[in-house]
Structures are given as C-alpha cells and as structure tokens.
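Hi everyone, thanks for making time.

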Amino acid sequence: KKKMSRKVVLVPISYNPHEEEIMTKPRSYSQNLEIFGFDIARYPTLFQFILLAGGVFGFYVIYGYYQEYLFLRWKDEDVHLGWFLTLFQFITYSILSLTQQLITLT
C-alpha cells in the first residue's frame, strides 16, 4: 500500500482585539434610525426590536386578513386573484419605495 501524505494549509485570519468591544458597545445616539420619518435611535435596543418586529408581524397579519377576505369574497366568480395580488404588491411597493426615496432625499 502507498502511504498518502497530507499537507496542512494554514490560512491567516485577521483578528481585531477590539471586536468584542465593538459588538457590545451601545449604538451612538448621533446615528439616525428612522421608521416612517420618526427617529427611534434614542430608545433602548430592546424597544426598537419590539417595535419593528411587532410592526412586521402586525402588517403581515393585516395583509393575510385582506388576502383571505378577497379569496372568500370572489370564491365563486372566475377571477384570477394571484396575478391581481402580484400586480397590486408591485405597484404598492413601488409607490412606497418612491415615497421613502423622496423623504430621505429632503
């Protein structure tokens, strides 16, 4: 039998000794964190998380409710709601993106 030789390759990894300090350091209050035009950077991180996660969850529930409402309302009619909802989402997201862009430019 032939003996296989193994090569060991060492890959240098840069290490920042201050990395842990950066990760645990609280956010600087000079940075802006805006949602719907309101700066929430001055609030604690836990409150920011709860507010943003609650907002995502709340809008997701509202969207699901209206989607079910549409499907139940037009269940017996021959309406293709999938394409309609896709078009509606595209238009809505485009308008919201344009609005955000106009707000942040001013």
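Helices here are DSSP runs of H or I with at least four residues, strands are runs of E with at least two, and both are numbered from the N terminus. Before I go on, this is a predicted model, where local features need pLDDT of at least 70 and side-chain atom pairs count only at pLDDT 80 or more, while totals for chains, interfaces and linings use all residues. Residues are numbered from 1 along each chain as its sequence is written, and side-chain values use heavy atoms, with hydrogens and water left out.

Back to that patch: F36, F38, F59, I62, Y65, Y66 and Y69 make it, and its area is about 910 Å². Patch residues have over 30% relative accessible area and no salt bridge, and nonpolar side chains are joined within 5 Å. A salt bridge would be a Lys or Arg side-chain nitrogen within 4 Å of a carboxyl oxygen of Asp or Glu. Areas come from the Shrake-Rupley method with a 1.4 Å probe, and for residues only the protein chains shown count as cover.

Take F59, which sits in helix α2. Is F59 buried or exposed? F59 is exposed, at 53% relative accessible area; buried means under 20%, exposed over 50%, and partly exposed in between (1.4 Å probe, protein chains only).

Finally, N32, in the loop between α1 (19-24) and β1. N32 is exposed too, at 57%. Its C-alpha atom is 8.7 Å from that of R42, ten residues apart along the chain.

Conventions
Patches are made of residues with over 30% relative accessible area and no salt bridge: like charges are joined within 9 Å, nonpolar side chains (Val, Leu, Ile, Met, Phe, Trp, Tyr) within 5 Å.
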